[in-house]
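Keep the model open beside you as you read.

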Amino acid sequence: MDLGPRTHVRWIPTLALVAVGTMINYLDRTVLGIAAPFLTRDLGLTAASMGVVFSAFSWSYALLQIPGGIFLDRFGTRVTYFLAIVFWSLFTALMGAVRSLQALILTRIGVGTFEAPCFPANSRILATWFPQRERARANAIYSFGQYVGLGFLSVPLFWITQRFGWRGLFFIVGTLGMLFGVVWWIFYRNPNDSRAVNQAELDYIEAGGGGEYKGQPLQFRWSHIGALLRHRQIVGASIGQFGGNSIQVFFLTWFPTYLVTERGMTFIKAGVMVALPYIAASAGVLVGGFASDLLLKKTGSANLARKLPIVSGMVLASAIIAANYVPASDNTTVMFIMSLAFFGQGMTNLGWTVVSDVAPKKLIGLTSGIFNFSANLAGIVTPLVIGITYQLTGSFFGPLAYVAAVALLGAFSYSVILGDIHRLEVETVPVGAD
C-alpha cells in the first residue's frame, strides 16, 4: 500500500454499508409495530399479548449480547455481520407466515437472536476504522440513516401493509434484508484486509487511537466480564443507555397503536405522523454527534464532549410525559412533544461512541455486548409495562410517565456514575495459552 494522498475507505464504502445495515436492522424491528393494528385483529391478540410479542424480540436480543460479542471478538466483523443480516431477515420474512401467538413469538425471538451482534459489530467498526476525533460523527451518520430511513419509509410501509397486507409487509422487508447480506459480504473488509485503503489512511486511523487489535485471538473467560464490570465507565454507560433505549422502544413498538387508539387517528394518518418523530430523531443524532466532535476539538475533553449532548438528550426525552396533559383534539401539540422527545433520544445514540472510546481493543465485542445487554433490558421491560398498564387502565398515562422517569435515570447515570472517559485495559488470555 502506498503513502500517496490519504484514501477515505472508512467513509465509503465502510460507513455507507454500516448505515444501510443499521437501517435494515431497525426496519425489521419496526415493521411489527406498523403491522400490529391489523395483526392483532387477524390473530385475535389482546394488548397484553402484544406486549409479550414486542418484548420477545429483546428476550433473545438482550441475552445473546454477550455471547454475540464473544463470537464477534473470535470470528471478526465480516463473518458475524453477514450471518446476522441473512438470518434475522429470514426470520422477519417468516413472520409473514405465522398463524398463532406462539409462532409469532418464536419468529420474533429469531429476529432478536440474529440481530444481537449488530451493534457490537458497529462499535467495533467505529473503533477500528475511525480515529477518536471522527467517531461521534461517524456514529451520527450511520444512525442518521437508521432514523431518517424509517421516517421516510413509514408512509410506504403503511401503504404496503394496506395494499399487500401485513403478511406481505414481512415478506418484502425480509427479502430485501437477505439481498443486502450478499452486498455486505462482497464489499466489506477489515482495515488490514482492504485492497482499497492505503497506508496513509491506516496511519491516520492508528495515530488517532483507532486500528485493529493485532494480537492472537482471545480465549474467552468469565473473569473478563467481571473485570469490565469493575469499571464505573461500563456500569454507568449501561444503566444510562437503559434509560435512553426505553424511549426508543416505545416508538418502535407501541407508538403507532398509541396514535390510533389514544389519539384517534386513522391508520394512514398515523403512518404520516409516525414519520415526524423519526425525522426529528435523525436530526438529534446529527446534532449530538457533530456537537460532540466539535466540543472534543475545542476543549480536548472527552468527558464534556460525550456527556453534555447525551445528558441533554435524556432530559429532552423525558418531556414525553407532557403528552399526557394535552387535550384529545390537539394532535399538533402531541406530535411536537413526541418529536422533541425522540429528538432528545437521538442525541443519546452517542452512547455507542462512549463505548468505542472506553472499550479495551482486545474486548470491544464483549464490552459492547455488556453495554447493549443492559440497554436492551429496556426492550424486555418497556413493552410489557406499557402493554399490561394500558390493558389495566385503558390509558397511556402510566406508560408515558414510566418512560419519562427512566429517561431521567439515564441522565443521572451518564452524568454521575460514568466517571472519566478513557480507553480501559484488562488482562486477557490468548487462544492456546494456559
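1. How much space lies in the second largest pocket? About 180 Å³, bearing in mind that this is a predicted model. Helices H3 (65-75), H4 (77-94) and H5 (101-115) each give two or more residues to its lining. Look for Leu64, Phe71, Leu83 and Phe114, which are among the lining residues. By class, the lining of this pocket has 8 nonpolar, 3 polar and no charged residues.

2. Of the 16 residues lining the largest cavity, Tyr26, Gln241, Asn245, Gln248 and Trp352 lie nearest its centre. Helix H10 supplies the largest share of that lining, with 4 residues. The classes here are 7 nonpolar, 8 polar and 1 charged.

3. The second largest cavity has about 100 Å³ of space. H10 again gives the largest share of the lining, this time 5 residues, and H2 (47-63) and H17 also give two or more each. Val249 is one of the residues nearest the centre of this cavity.

4. Val249 also turns up in the contacts of Thr382, along with Ser246, Tyr402 and Val403, leaving aside neighbours within four places in sequence. Thr382 sits in helix H17 (residues 377-393). Is Thr382 buried or exposed? It counts as buried, because its relative accessibility is 0%.

5. Last, the largest nonpolar core: it has 119 residues, and Phe250, Tyr258, Ile320 and Met338 touch the most other members. Ile320 is in contact with Phe250 and Met338, and its contacts also include Val403.

Terms used: Residues numbered from 1 in each chain as written. Predicted model: local features only at pLDDT ≥ 70, side-chain atom pairs only at ≥ 80, totals over all residues. Heavy atoms only, no water. 1 Å grid on protein atoms, 1.4 Å probe; cavity = no way out; pocket = protein on both sides within 12 Å on 5 of 7 lines; lining within 4 Å. Points joined across faces, edges and corners; volume = space filled by probe spheres on them. Nonpolar A, V, L, I, M, F, W, Y, C, P; charged D, E, K, R; others polar. Buried < 20%, exposed > 50% of the residue type's maximum accessible area, 1.4 Å probe, protein only. Contact = heavy atoms within 4.5 Å. Core = buried A, V, L, I, M, F, W, Y, C linked by side-chain atoms within 4.5 Å.
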